[in-house]
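This report covers the fold and packing of one protein chain.

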Amino acid sequence: MRDITVFSGSAHPELAEEICAHLGTPLHPVQVNRFANDALEVQLQANCRERDVFLIQPLVPPVQEHLVELLLMLDAARGASAARTTVVLPHYAYARSDKKDAPRISIGARLVADLMVAAGANRVLAMTLHSPQVHGFFSVPVDHLHALRELAAYFRQYDLSNTVVVSPDLGNAKEAAHFARLLGTGVAMGAKQRFSDDRVVISSVIGEVTGKDVIILDDEIAKGSTVIELLDRLRELRVRSVRVACTHGLFSSGALERLGALPEVEEVVCTNTVPPPKPSDKLTVLSIAPALAEAMRRIHDGESVSALFSTP
């Protein structure tokens, strides 16, 4: 197999540039044109023939625009005779649509996975999928990384002797328990019911949190409704301090401002899987570019990636 060839869509070029800096390889340009009828056209502006091609594109707003751009990049790489094409998917927005929880509802996570494979994806490198079953929706190999090591390395700077990790719901409990083991702390979780995309109720917190320093861990924060509801319960239980951690910091609809305005929230920590929001006094952004770059290198060289993507 020939040299590694890396392209980035328009969703998050800064992350792609940082990944390529760690790999020591250039980030090749992609030309995106729009026809008069609003259809997109994509041209990869570097040789792909018999090369190991990586396409970096998180599905961030506008999600549909970036998805179509990725599909066209995949088709272009296949048409250019790439030896193998790997989608580097730091954030998979459709992963939240992972089950049929209402009549006549679509399962977008599976459909979009099928679209990527049909367009030419031979492999997928993903970061912190919303739920484990999404991994199985792809009919090609998936390397599933988590940002828990980066988050844990950051939080070890603090005194964790009185700390407990809290998951907002049972669905994230395994990841929170693994994170707690990395930090050597206790773990608790919220009992959550979701009524709509932005309306949730957390009736109680399972575990001992009174008087504790709390780290709330979630995979993704969009509108922040779940975290704010959990903070209400933690306030009632008289926790000592709160820090919020997540992999995908989308922070839509003023979520970061609402979280930052709460006096008990000392810090919000996320990674750069998605373009970070405007700087805030309480926001810390960690880079996952080294982890993605190392996974890409191992995939290209045919080495094991298991040490990087072991499931919590």
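## Overall build

Of the chain's 312 residues, 51% count as buried (under 20% relative accessible area, with exposed over 50% and partly exposed in between; 1.4 Å probe, protein chains only). This is a predicted model, in which local features need pLDDT of at least 70, side-chain atom pairs count only at pLDDT 80 or more, and totals for chains, interfaces and linings use all residues. Residues are numbered from 1 along each chain as its sequence is written, and side-chain values use heavy atoms, leaving out hydrogens and water.

The chain has nine helices and 15 strands. These are DSSP runs, numbered from the N terminus: helices are H or I with at least four residues, strands are E with at least two. The radius of gyration is 20 Å, close to the 20 Å that the globule rule gives for 312 residues, so the chain is as compact as a globular protein of that length. That radius is taken over C-alpha atoms, and the rule is 2.2 Å times the number of residues to the power 0.38. Along its principal axes, the C-alpha trace spans about 60 × 45 × 35 Å.

Contact means heavy atoms within 4.5 Å. Among contacts between residues at least 6 apart in sequence, 65% join residues at least 24 apart.

## Cores

A nonpolar core is a set of buried Ala, Val, Leu, Ile, Met, Phe, Trp, Tyr and Cys residues joined through side-chain atoms within 4.5 Å. The largest one has 34 residues, and L74, Y92, M116 and F138 touch the most other members. Elements giving two or more residues to this core include β4 (40–44), α2 (63–79) and β7 (123–127). The largest share, seven residues, comes from α2. Another core, of 26 residues, lies apart from it; I202, V242, L256 and C270 are among its members.

## Single residues

V87 sits in strand β6. T128 lies in the loop between β7 and β8 (142–145).

L74, with the same exclusion of neighbours, is in contact with L55, T85, V87, M116, A119, G120 and A121.

Technical notes. Lists of a residue's contacts leave out its neighbours within four places in sequence.
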